[in-house]
Amino acid sequence: MQATAYTYDPESRSGQVLLDDGTPVPFDAPAFDAGGLRLLRPGQRVRIETRGEGEARRVTLVTLQTF
């Protein structure tokens with residue numbers, strides 16, 4: 001699934017992405033670390049994997065979108 005980086009805190013390595021419908025979905029340090037990233041800037045397109053539904057949906061992997 002694709003999304004856009006919305007917020008990112010480098011100290012906690014957590015933040016939020018926006019799905020294409022505008023829904024914000026949070027991610028935590030383990031999801032960020034799983035993607036092997038060192039930095040994330042708001043507005044970057046990312047590839048994500050999620051778990052859960054509705055309010056319980058969480059990102060389990062965030063990495064840069066490559067073409």
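Predicted model: local features only at pLDDT ≥ 70, side-chain atom pairs only at ≥ 80, totals over all residues.
Q: Hi! Does F32 count as buried or exposed?
A: F32 counts as buried, at 1% relative accessibility. Buried means under 20% relative accessible area, exposed means over 50%, and partly exposed is in between (1.4 Å probe, protein chains only).

Q: Okay, big picture: how many helices and strands are in the protein?
A: The protein has one helix and five strands. Starting at the N terminus, the order is β-β-β-α-β-β. Both kinds of element are DSSP runs numbered from the N terminus: helices are H or I with at least four residues, and strands are E with at least two.

Q: And why is it called as compact as a globular protein of that length?
A: Its radius of gyration is 10 Å, close to the 11 Å that the globule rule gives for 67 residues, so the protein is as compact as a globular protein of that length. That radius is taken over C-alpha atoms, and the rule is 2.2 Å times the number of residues to the power 0.38. The C-alpha trace spans about 30 × 25 × 15 Å along its principal axes.

Q: Which strands does β1 join up with?
A: β1 (residues 2-9) runs antiparallel to β4 (residues 45-51), with three bridges between them. Q2, for example, has R47 as its bridge partner in β4. Five bridges also join β1 to β2 (residues 14-18), again antiparallel. Strands count as paired if DSSP finds at least two bridges between them.

Q: What sits between β1 and β2?
A: Four residues separate the two strands of that hairpin, and R13 is in the turn. R13 has a positive phi of about 55° although it is not a glycine. As background, most residues other than glycine have a negative phi. R13 counts as partly exposed, at 31% relative accessibility.

Q: How does β2 pair with β3?
A: β2 and β3 pair in the antiparallel sense over four bridges. Their hairpin has five residues between the strands, and G22 takes a positive phi near 90° there.

Q: Who's opposite G15 in those pairings?
A: G15 in β2 stands opposite Y8, and the bridge partner of G15 in β3 is F27.

Q: Tell me about F27. Where does it lie?
A: F27 lies in strand β3. F27 is buried, with a relative accessible area of 4%. β3 has a covered face, V25 and F27, and an uncovered face, P24 and P26. In a regular strand the side chains alternate between the two faces of the sheet.

Q: Switching topic: how many aromatic pairs are there in the whole structure?
A: A search finds three aromatic pairs. In one of them, the ring centres of F27 and F32 are 6.4 Å apart and the planes are at 20°, so this pair is stacked. Rings of Phe, Tyr and Trp (its six-membered ring) pair if their centres lie within 6.5 Å; planes under 30 degrees apart are stacked, over 60 edge-to-face, and the rest tilted. Y8, F27 and F32 form one aromatic cluster.

Q: Which residues touch the most other members of the largest nonpolar core?
A: V17, F27, L40, I48 and V59 do, in a core of 15 residues. β1, β3 (24-27), α1 (29-34), β4 and β5 (58-64) each supply at least two core residues, and β1 gives the most, with three. Such a core is a set of buried Ala, Val, Leu, Ile, Met, Phe, Trp, Tyr and Cys residues joined through side-chain atoms within 4.5 Å.

Q: What is L40 in contact with?
A: Leaving aside neighbours within four places in sequence, L40 is in contact with A5, Y8, F27, F32, V46 and L64. Contact means heavy atoms within 4.5 Å.

Q: Last one: what share of the residues is buried?
A: Buried residues make up 30% of the 67 residues.

Terms used
Residues numbered from 1 in each chain as written. Heavy atoms only, no water.
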